[in-house]
Amino acid sequence: MKLWGGRFEKATDSMVDDFHSSISFDQRLYKQDIAGSIAHATMLGEQGIIPQQDADRIVQGLKDILADIQAGKVQFETDAEDIHMNVEKLLIERIGEPGKRLHTGRSRNDQVALDGHMYVKEAVLQTQDLLKDLMHTLLSIAQKHLTTIMPGYTHLQKAQPVTLAHHMMAYFQMFRRDYQRLQDCFKRADVMPLGSGALAGTTYPLDRSRVARLLGFSEISQNSMDGVSDRDFMLEYMSAASISMMHLSRFCEEMILWSSHEFRFVEMDDAFSTGSSIMPQKKNPDVAELIRGKTGRVYGDLMGLLTALKGIPLAYNKDMQEDKEALFDAHDTWTKCLLVFNGMLKSVRFRTGVMEKGASGGFTNATDAADYLVKKGMPFRQAHEVVGRMVLHCIHEDKALLDLSLEEMKEFSPIFEADVYEAISLLSCVNLRKVVGGPAPEMVQRSIDEAQGWMDGLK
């Protein structure tokens, strides 16, 4: 008989049992569920709501069940529906009557909400550690490549010269924001809902703050209906996952492009590449491609839960059982992608010579040529037009701007002098961009130092 079966005259259809059951996936919450039950039982005993000796037996029984689960000695039952009922059923079987007192002053509604909050808190901390590892890798690469010149792009067309360090620090800022989003997400997850009951609290004199302290929560929920129906903290984590996966996907797209023969900016390590079953020459960036593909999967997890929640009236509804698989999948996918991407990035070989050669083509110094004229007194719009005509001329002659003689340049504007060659050299184009956030090595070094200081201050 089910633990809630007293009001029913017929057994649940076996097909409904299977459809209704969530033990196949929510069993991974066993640690959170048992920890929450231990804290709840401890409080019940301290408050005199149940006899202290029963509370002690419950706590010990739960600890024994935890040890047995971890040792692989427990077989969960589908007809017990979920991890909560499985644990309680096991407890009653093992310690008898005292086990039936565990659920005093508690509902599965606030119990499952508690487990979710605890899971997300742990997920945040785990993911932050992986993000920190990745950011350390980016800082290390940036520090080594302060003067490695490469082309910067807009519209996937060569635009202006930058450095590899500057490019890597752009991604550092993205992952830094991901980390900060998780810091904010943790605040909402760090709210203890137990004591909300099914939706209206309980008449028992629960000490909710005591349970919160036992479980390491900073605060307790302030409305019982919201306490059991809130899944915002899950959505926040999954939203952070989706944004971060987008960052990973953009980075992967660049690695895929850069590893192609057309770019040849990077050489993927053999350990993070695969071959072709028919073409012996192939070395495919499959790791990067798969991360790019899994990004859509995490988006789907977020959209699935948003859709499941959008029409639910207060308070708890069975639809909310759909939260766990989406949350678990988003967490698993994100963390695996962060781990493998970091390994891939650490092993990449950057072809610095090819990068610098790439920056010399595509007229990446055209803006600097226009700026040269402006500094000599020409209005910018006029300078823009002059250099545009110079670029068109070079295209027809298959030349770069630096290939033009001074006499050729003067045909476009008499303002040009011999110092133009230094002004529009790739090194000058990078080194003179000393604005805060710019690619000049001294500014990138400042950015690296600031970032390292921020990293050192993280817990």
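Tutor: A pocket is an open set of points on a 1 Å grid over the protein atoms alone, where a 1.4 Å probe fits and protein lies on both sides within 12 Å along at least five of seven lines. The model is predicted, and local features need pLDDT of at least 70. Residues are numbered from 1 along each chain.

Student: How much space lies in the second largest pocket, and which residues are closest to its centre?

Tutor: The volume, the space filled by probe spheres set on the points, is about 320 Å³ for the second largest pocket. Lining residues have an atom within 4 Å of a point. This pocket has 14 of them, and the closest to its centre are Ser259, Ser260, His261, Glu267 and Lys283.

Student: Which residues lie nearest the centre of the largest pocket?

Tutor: The largest pocket holds about 480 Å³ of space. Strands E1 (149-154) and E2 (157-163) and helices H7 (164-189) and H10 (232-258) each supply at least two residues of its lining. Helices (H or I, at least four residues) and strands (E, at least two) are DSSP runs. Of the 23 lining residues, those nearest the centre are Gly152, Tyr153, Thr154, His167 and Glu254.

Student: In which sense do E1 and E2 pair, and over how many bridges?

Tutor: Strands pair if DSSP finds at least two bridges between them. Thr154 stands opposite Gln157 in E2. E1 and E2 pair in the antiparallel sense, and the count of bridges is six.

Student: Which residue in the turn of the hairpin has a positive phi?

Tutor: E1 and E2 form the hairpin, with two residues between them. The phi is about 60 degrees, and the residue is His155.

Conventions. This is a predicted model: local features need pLDDT of at least 70, side-chain atom pairs count only at pLDDT 80 or more; totals for chains, interfaces and linings use all residues. Side-chain values use heavy atoms; hydrogens and water are left out.
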